[in-house]
Amino acid sequence: MLNFAKNFIMLEISYLRTNAAEAVTGLRKRGIEAEQAIADILRLDELRRQNQNELDQTLAESNKLSKEIGMLFKQGKGEEANALKNRTAELKEKVKELQQEQEQLKSSLEQDLVALPNVPIDLVPDGKTPEDNLEVARHGDLPNLGNTAKPHWELAEELKLIRFDLGVKITGAGFPVYQGKGARLQRALINFFLEENIKAGFEEYQPPLMVNEDSGFGTGQLPDKEGQMYHITEDKLYAIPTAEVPVTNIFRNEILEESELPIKATAYSACFRREAGSYGKDVRGLNRLHQFDKVEVVSLTKPEDSMAMLDSMVDHVASLLNKLELPYRILRLCGGDMGFTSAITYDFEVWSAAQERWLEVSSVSNFKTFQTNRMKIRYRGEDKKTHLLHSLNGSALALPRILAALLENNQGPEGIRIPEVLHSYTGFEII
RNA sequence: GGAGAGAUGGCAGAGUGGUCGAAUGCGGUGGUCUUGAAAACCAUUGAGGGUCACACCUCCGGGGGUUCGAAUCCCUCUCUCUCCGCCA
């Protein structure tokens with residue numbers, strides 16, 4: 001078991017010690033004024049180290065005395081030994097006080113640290129809302145289907161590809177049943193994504209779909225997003241909201257050799273999200289589900305390689321969408337729209353022709369050391385010392401909205417056209 | 001669900017109150033030897049904090065206690081394994 005109270009730190013304190021100004025500037029992109037908070041953190045850090053120094057010296061003295069006492073007893077000098085015991089009693093008191101102080105300093109330091117989100121890098125645009133996200137690429141023409149275009153939930157029901165009614169019957173809303181060619185299309189997409197990811201150098205994993213508390217804390221779902229995960233209280237397990245959780249945790253508390261790097265992993269999994277508070281058009285059809293399928297990619301790199309890895313992951317995800325012939329755009333999220341743990345995030349959105357809106361199908365992020373600091377994922381450098389790795393992940397890809405876009409964009413008088421690249425996986429070319 | 005065993009460094013595995021951060025073996029790294037490699041031999045090899053660098057401190061599953069002193073004794077929690085039962 002991890003000691004959560006002691007493994008809570010997100011930003012590296014050593015980073016703040018040397019880059020406080022950069023952190024303050026970066027956090028402004030999120031609309032956070034952190035100058036005072038960081039100053040407080042550094043002051044606490046200073047106090048903590050002073051206290052530890054004093055504590056260490058007291059302990060050293062106490063250790064020394066204990067050894068002397070041991071020696072004296074062995075030599076039969078019981079009197080002298082007992083005399084020394086008085087002094088150790090005093091030291092014991094002092095140690096106790098200093099330790100209590102140390103615990104307090106640590107916990108307030110950690111409390112302050114975990115309140116700070118990751119520092120956005122230079123590239124990240126300033127801004128508060130999704131309107132401030134920067135569109136960095138757009139690919140493919142938006143189909144013009146006129147007003148006869150049907151939304152995917154109508155197509156799916158009519159063609160008996162996805163049975164929302166059956167899902168409600170056997171489980172509840174947000175748990176659709178895929179049927180016939182709908183099921184086969186979904187399976188084809190999973191296989192297609194996995195195969196493409198493997199070709200791109202990612203190693204396939206099949207992780208557990210439930211994780212323990214340690215893993216939930218590791219990737220940062222706990223304690224903040226506890227309400228978003230399905231919780232099996234009887235066994236203290238959580239249903240994974242994404243394969244990122246089990247896959248990244250594979251490397252928790254590991255020290256990797258440079259020769260093993262970079263780590264590139266991919267995994268298909270079902271994902272479970274409670275999505276408390278969602279409503280309206282956002283949850284219509286496949287737009288937002290409690291259970292959905294996703295193929296994820298996760299990377300661990302040396303710090304100097306993480307930006308190049310991010311670019312290659314973005315290119316890779318783009319290539320998947322190109323092959324599926326779906327119109328999409330890539331957004332570089334602004335500071336205010338980024339997740340708490342990310343230093344930079346690119347979102348991929350596909351065009352949904354009947355809903356006439358963009359749907360997010362992938363989010364590719366570089367977390368730098370934010371996750372690895374908590375999970376102690378390190379590598380041994382040329383200097384023989386251990387250093388934190390950078391972690392990155394992205395969807396490649398999330399299935400439901402891809403399915404939605406394929407159904408809507410490719411509908412025509414003949415039926416729904418399946419992109420050529422999927423034919424060998426589906427076994428059919430039209431629905 | 002019932003019964004039992006166990007948790008020590010990358011792995012295996014000693015260690016029942018002081019000089020144990022921890023024997024030994026394997027693995028890793030460096031070297032000797034060799035045309036090269038293997039073998040053999042020699043040396044080295046846990047993590048974290050702290051320091052310019054040392055010193056020093058902490059850690060033997062987690063937490064608490066006894067003691068001048070705990071990997072070793074006590075309490076407690078968690079987890080793992082084995083056998084039986086049930087079952088894909």
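**View 1. Helix 1 and helix 2 run roughly antiparallel to each other.** Their axes cross at roughly 175 degrees and come within 9 Å. On the helix 1 side, the contact (heavy atoms within 4.5 Å) is made by Ile 13, Leu 16, Arg 17, Ala 20, Ala 23, Val 24, Leu 27 and Arg 28. Helix 2 answers with Glu 35, Ile 38, Ile 41, Leu 42, Asp 45 and Arg 49. Sorted by type, that's nine nonpolar residues, five charged and no polar. (Ala, Val, Leu, Ile, Met, Phe, Trp, Tyr, Cys and Pro count as nonpolar, Asp, Glu, Lys and Arg as charged, and the others, Gly among them, as polar.)

A word on the model: it is predicted, with local features needing pLDDT of at least 70 and side-chain atom pairs counting only at pLDDT 80 or more, while totals for chains, interfaces and linings use all residues. Residues are numbered from 1 along each chain as its sequence is written, chains are lettered from A and ligands numbered from 1 in the order in which they are written, and side-chain values use heavy atoms, with hydrogens and water left out.

**View 2. Helix 2, end to end, has 40 residues.** At 1.5 Å a residue they should span 58 Å, and the end C-alpha atoms are 58 Å apart, so the two agree. (The expected span is 1.5 Å times one less than the number of residues.) Buried residues of helix 2 include Ile 38, Leu 44, Arg 48, Asn 51, Thr 58, Leu 65 and Leu 72. (Buried means under 20% relative accessible area, exposed over 50%, partly exposed in between, with a 1.4 Å probe and protein chains only.) Helix 1 and helix 3 (78-114) are among what covers them. After helix 2 comes Gly 76, with a positive phi near 80 degrees.

**View 3. An open sheet of eight strands runs in the order 1-11-12-13-16-10-9-4, with mixed pairing.** (Two strands pair if DSSP finds at least two bridges between them.) Strand 1 (134-139) and strand 4 (203-205) are the edges, each pairing on one side only. From one strand to the next the twist averages 25 degrees. Helix 6 (residues 180-199) lies across strands 4, 9, 10 and 16, at about 5 degrees to strand 10. Helix 9 (residues 306-323) lies across strands 1, 9, 10, 11, 12, 13 and 16, at about 5 degrees to strand 16.

**View 4. Strand 10 (residues 291-301) is largely enclosed by the rest of the structure, because 10 of its 11 residues are buried.** Strand 9 (residues 263-272) joins it through 10 bridges, running antiparallel. Here Tyr 268 sits opposite Val 295, and Ala 270 has Asp 293 as its bridge partner. Strand 16 (residues 390-398) is also antiparallel to strand 10, with seven bridges; there Thr 301 partners His 390.

**View 5. In strand 12 (residues 344-352), nine of the nine residues are buried, so the strand is largely enclosed by the rest of the structure.** Ile 344, Tyr 346, Phe 348, Val 350 and Ser 352 point one way, and Thr 345, Asp 347, Glu 349 and Trp 351 the other. Strand 11 (residues 328-332) pairs with strand 12 in the antiparallel sense over five bridges, with Tyr 328 opposite Val 350. Nine bridges join strand 12 to strand 13 (residues 357-368), again antiparallel, and Asp 347 faces Ser 363. These two strands form a hairpin with four residues between them, where Glu 356 in the turn has a positive phi of about 50 degrees.

**View 6. Thr 426 is found in helix 12 (residues 423-426).** It counts as buried because its relative accessibility is 3%. Setting aside neighbours within four places in sequence, Thr 426 is in contact with Arg 184, Leu 185, Ala 188 and Ile 418.

**View 7. Zooming out, chain A holds 12 helices and 18 strands.** Its C-alpha trace spans about 100 × 45 × 45 Å along its principal axes. Of the 431 residues, 51% count as buried.

Conventions:
Axes are lines fitted to C-alpha atoms, for helices over the stretch in contact, and angles run from 0 to 180 degrees between N-to-C directions. Angles under 35 degrees count as roughly parallel, over 145 as roughly antiparallel, 65 to 115 as roughly perpendicular and the rest as oblique.
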